[in-house]
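We will go stop by stop, and each stop tells you what to pick.

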Amino acid sequence: MSVHVLPTAFDTQSRKSSLRNRKSDTDNLSTSTTSSPTLSSYEPSENGLSSSSDTEAVIISVEKLKQIEKMESNPDFLWMTTEEPHRSRRMAILKAHPEVRKLMGPTLLTVPIVFLVLSIQITAAYLLKSTHPFSWQFIITAYIIGGTANQNIFLAIHEITHNLVFKSIKLNKILSIIANFSIGIPYAMAFKGYHIEHHKFLGEDGIDTDLPSKFEAIILNNVFGKTFFATFQILFYALRPGFIRSQKPTIWHGINLLSIFIFDFILIKFIGSWNSLIYLIMSSFFAGSLHPCAAHFIAEHYLMNGPLPTKEEQMKSGKFENEQDWLIRGLAQETTSYYGWLNVLCYNVGYHNEHHDFPSVPWTRLPELHQIAKEYYDPLPSHSSWPYVTWKFITDSNIGMFSRAKRTERGEKIEHNLWSSAINSSTTSITKEEEEEALATDDEDEIAYMSDTNTTSKSKSKSK
């Protein structure tokens with residue numbers, strides 16, 4: 001196990017080169033670490049522990065000991081004691097580039113794409129009504145056309161979940177349910193609740209249901225198990241939340257359920273064949289299976305270099321210049337982007353660092369965000385091939401179900417100037433007032449795009 005502890009004080013000069021010259025494809029980096037690195041030694045000062053008899057110190061020590069006990073019972077995950085890295089980097093970018101705020105807000109371009117893809121799927125379902133589901137024509141069509149189309153629909157629902165199509169949350173939900181018709185089973189409203197938590201509580205064990213459980217990791221951490229997971233990952237993401245963190249159904253869950261059943265009934269009744277519904281469901285399965293576009297599920301947050309060595313190991317290897325360099329590298333690997341052509345089919349979801357940094361920026365403007373803040377994004381590790389990510393995940397013994405960063409709680413806050421100092425950024429000159437405004441309104445702006453309520457964002461949004 002490796003534990004990342006946020007130092008109490010940062011030496012600005014010592015971390016200026018920590019991300020420079022680190023732009024490299026994570027697919028091509030070799031690693032000498034295994035998925036089960038040795039346990040870091042714990043120092044009382046590192047973990048906020050104190051021998052003081054003061055009551056407050058004793059309470060803090062008990063809480064920290066509980067966290068350590070949980071980490072030690074799950075030794076193969078990479079446990080972080082800091083908060084997720086995106087809030088602090090977002091604030092650093094807003095300070096350096098306040099013009100990024102102009103990129104925030106919905107885009108109506110998603111609407112015609114949803115209806116185009118939905119029409120393609122309904123047309124294909126009609127044309128295959130008399131074709132046997134196990135025929136090669138049916139399966140190939142469901143894999144190539146259906147799998148690609150429904151992966152696009154999954155990611156359209158992802159965009160809509162962030163309220164990035166209409167200003168009205170109700171209209172966003174209605175469009176999300178319409179898009180859901182292509183999937184064949186109710187999905188949109190259940191996804192919304194869990195995905196919002198994935199952003200707000202990234203990596204928090206027991207809350208972020210994108211994380212594999214300890215049971216999954218133990219059973220599937222071998223070539224056969226990883227192949228099984230990659231093949232049936234859509235089922236893991238559908239069923240895991242019910243075991244980890246069930247959410248209370250809302251009226252919208254009922255509307256979603258009823259709408260899909262009515263659509264399915266109409267599809268079967270008017271087309272006159274169950275094969276049409278089977279096509280939609282098979283398309284959804286392939287969209288989350290061994291499909292080139294489905295690789296983004298693994299590429300986004302799995303640690304494809306394996307866990308970093310412990311602080312003790314890194315001092316011996318000389319791989320990192322200092323403790324701050326080690327920390328920043330750990331933070332940088334928690335989310336990984338992909339900038340290849342498959343983004344065209346997938347609402348630019350490959351721009352995943354950019355998306356987590358700014359959930360309020362729609363898919364159409366993520367490349368522009370990257371260009372504006374390229375000094376922050378270019379040094380980060382990135383993937384050059386989604387299919388290769390799946391291959392490496394399955395075949396590399398250093399990568400597996402345990403290759404995820406976890407937290408027992410929100411974690412220690414990271415100062416936003418850590419990122420600027422790390423890349424030796426020459427930031428845009430802005431006034432103190434502009435800086436304070438950018439940082440003060442940050443949470444309000446982002447919460448508006450990670451909520452299920454009619455929160456009004458103060459940002460000056462524009463539609464494209």
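**Stop 1: a residue in a loop**

Select N163, which sits in the loop between α4 and α5. Helices (H or I, at least four residues) and strands (E, at least two) are DSSP runs, numbered from the N terminus. Is N163 buried or exposed? N163 is buried, with a relative accessible area of 5%. Here buried means under 20% relative accessible area, exposed means over 50%, and partly exposed is in between (1.4 Å probe, protein chains only). Now check the backbone: phi of N163 is near 60 degrees, a positive value in a residue other than glycine. Most residues other than glycine have a negative phi.

A note on what you are looking at. This is a predicted model, where local features need pLDDT of at least 70, side-chain atom pairs count only at pLDDT 80 or more, and totals for chains, interfaces and linings use all residues. Residues are numbered from 1 along each chain as its sequence is written, and side-chain values use heavy atoms, with hydrogens and water left out.

**Stop 2: the whole chain**

Zoom out and show the cartoon. The protein chain has 21 helices and five strands. Of its 464 residues, 58% are buried. Contact means heavy atoms within 4.5 Å. Take the contacts between residues at least 6 apart in sequence: 83% of them join residues at least 24 apart.

**Stop 3: helices α5 and α6**

Select residues 169-180 for helix α5 and residues 188-200 for helix α6. Two packed helices are described by the angle between their axes and the distance between the axes. Axes are lines fitted to C-alpha atoms, for helices over the stretch in contact, and angles run from 0 to 180 degrees between N-to-C directions. What is the angle between α5 and α6? They pack at about 125 degrees, with their axes 9 Å apart. That makes α5 oblique to α6. Angles under 35 degrees count as roughly parallel, over 145 as roughly antiparallel, 65 to 115 as roughly perpendicular and the rest as oblique.

Show side chains at the contact. From α5, pick K173, S176, I177 and N180; from α6, pick A188, M189 and K192. These contact residues of α5 and α6 divide into three nonpolar, two polar and two charged. Ala, Val, Leu, Ile, Met, Phe, Trp, Tyr, Cys and Pro count as nonpolar, Asp, Glu, Lys and Arg as charged, and the others, Gly among them, as polar.

Stay on helix α5 and click L171. At 42% relative accessibility, L171 is partly exposed. Draw a distance from L171 to I160: their C-alpha atoms are 9.5 Å apart, and eleven residues separate them along the chain.

**Stop 4: helices α10 and α11**

Next, select residues 251-271 for helix α10 and residues 274-287 for helix α11. Their axes come within 7 Å and cross at roughly 135 degrees. That makes α10 oblique to α11. Pick F263, D264, L267, I268 and I271 of α10, then W274, S276, L277 and L280 of α11, to see the contact. The residues of this contact between α10 and α11 divide into seven nonpolar, one polar and one charged.

Now click S273, in the loop between α10 and α11. S273 is buried, at 11% relative accessibility. Leaving out residues up to four places away in sequence, S273 touches K129 and I268.

**Stop 5: the nonpolar cores**

A nonpolar core is a set of buried Ala, Val, Leu, Ile, Met, Phe, Trp, Tyr and Cys residues joined through side-chain atoms within 4.5 Å. Select F229, Y279, I298, W386 and F393: they have the most contacts inside the largest nonpolar core, which has 67 residues. Which helix gives the most to this core? Helix α4 (residues 136-161) does, with nine residues.

Click W386. Leaving aside neighbours within four places in sequence, W386 is in contact with residues including P292, H296, Y338 and C346.

**Stop 6: two last residues**

Select Y347, in the loop between β3 (337-338) and α15 (352-357). Y347 is buried, with a relative accessible area of 3%. Phi of Y347 is near 50 degrees, a positive value in a residue other than glycine.

Finish at H370, in helix α16 (residues 366-372). H370 is buried, at 8% relative accessibility. Not counting residues up to four places away in sequence, H370 touches Y339, Y351, E354, Y377 and D378.
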